[in-house]
Amino acid sequence: MKKYYKLRIGNDKLSFLIDKRALIISFILLSIVLAIFIISTGIGEVIISPFNVFKTLFGYGTDMENLFIFSFRLPRIIIALLVGVSIAVAGAILQGLIRNPLASPDIIGITGGASVAVVMFLMLFSDRNNSLIISIKWMPVAAFIGATIIGLLVYFLSWKNNGSSSIRLVLIGIGLAMLTQSLTTLFMVKGPIYQAAQANVWITGTVYGATWEQVRILLPVVVILFIISIVSVRNVNIQELGDELATGVGSAVQKNRFLLLLLSTALTGSAVAFAGVIGFVGLMAPHIGRRLVGSSFGSLLPVSALIGAILVMVADLLGRTLFSPLEVPAGVFTAAIGAPYFIYLLYKTRNT
């Protein structure tokens, strides 16, 4: 039995080998995502059965069900799904780029750069009524600029002789992550007390208060960046060979490394803009995906995306139901799982 399906597009201009096992696992994970989506939509202060959730989604719900599902729950669940996909794909790209399973957007400072930019945005453009004086549509732009600045700094500060090395990317990134954390705290202290409280919850990572306007902004961005990531799969696979072998097969190593880093910063900035710093998803999702389907990025990227969606959606569901009526930010639960997982990875790496 053949292990791969062959997919050819545009008169063989694009061709892909699709791993059958990865395809089966992807369908299983997609089913889990859909199940969590339905369950999460129905659970809250008012419980709505899965059957009634389906009815409401297709336009046959009561006024109360329409209110709870379409106004209160669906926007935050969709944002949680999109954020999980973005951070997980960004983490997978970084781990392939740096050739280190411990790499992730939050650990090498990219998330921190987006955080600094958004806290500055809130501080500069919020009035005393805690309302933005300019459109929220500019917040993803601010997050992207912050993430990109740190991404560029990581890349250029790690440059030596003929290029940037993986180990220098990690070390410079960790240093800049500490710097961005300090700057974020500084801007929070400098801002009004209400803005500091708002920023503190946001930095922990939460999709509370998500709106359909945010969904309309984030959805096309994530879809476009995800498609670009899939198209860039070959470049990520080649990066894992190491600089010398990658150069030997004709790859423009430094150019591709720069573009992949920029892609990762775009994904991270988009996620952070609307959900804050939901940590460790970019570390855990690709690592779990690698255990399920191996290290080939054609399989790993979609599987990581689905795992990331599951992690953030479950974290948000737990956050709004486990201690009801108190709401706990989703980032608290991802950190509670991710911190021990990171220690486990460090321990495992030490013994290999």
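A nonpolar core, as I use the term, is a set of buried Ala, Val, Leu, Ile, Met, Phe, Trp, Tyr and Cys residues joined through side-chain atoms within 4.5 Å. Keep in mind that this is a predicted model.

Start with the core. The largest one has 90 residues. Ile79, Val83, Ile278 and Met313 have the most contacts inside it. Which helix gives the most to this core? Helix H3, residues 63–98, with 19 residues.

Take Ile79 from that group. Set aside its neighbours within four places in sequence. Ile79 is then in contact with Val207, Ala210, Gln214, Val215, Leu218 and Phe274.

Next, the second largest pocket. About 590 Å³ of space lies in it. It is lined by 22 residues. Closest to the centre are Asp106, Ala177, Gln181, Ile203 and Val277. H6 gives the most, with 8 residues. What is the make-up of the lining by class? We have 9 nonpolar, 12 polar and 1 charged residues.

Last, one backbone detail. Most residues other than glycine have a negative phi. Phe280 is not a glycine, yet its phi is positive, about 75 degrees. Where is Phe280 found? In the loop between helix H11 (253–275) and helix H12 (281–293). Buried or exposed? Phe280 has a relative accessible area of 18%. Buried means under 20%, so Phe280 counts as buried.

Notes
Residues are numbered from 1 along each chain as its sequence is written. This is a predicted model: local features need pLDDT of at least 70, side-chain atom pairs count only at pLDDT 80 or more; totals for chains, interfaces and linings use all residues. Side-chain values use heavy atoms; hydrogens and water are left out. Buried means under 20% relative accessible area, exposed over 50%, partly exposed in between (1.4 Å probe, protein chains only). Helices (H or I, at least four residues) and strands (E, at least two) are DSSP runs, numbered from the N terminus. Contact means heavy atoms within 4.5 Å. On a 1 Å grid over the protein atoms alone, a cavity is a set of points where a 1.4 Å probe fits but cannot get out, and a pocket is an open set with protein on both sides within 12 Å along at least five of seven lines; lining residues have an atom within 4 Å of a point. Grid points are joined across faces, edges and corners, and a volume is the space filled by probe spheres set on the points. Ala, Val, Leu, Ile, Met, Phe, Trp, Tyr, Cys and Pro count as nonpolar, Asp, Glu, Lys and Arg as charged, and the others, Gly among them, as polar.
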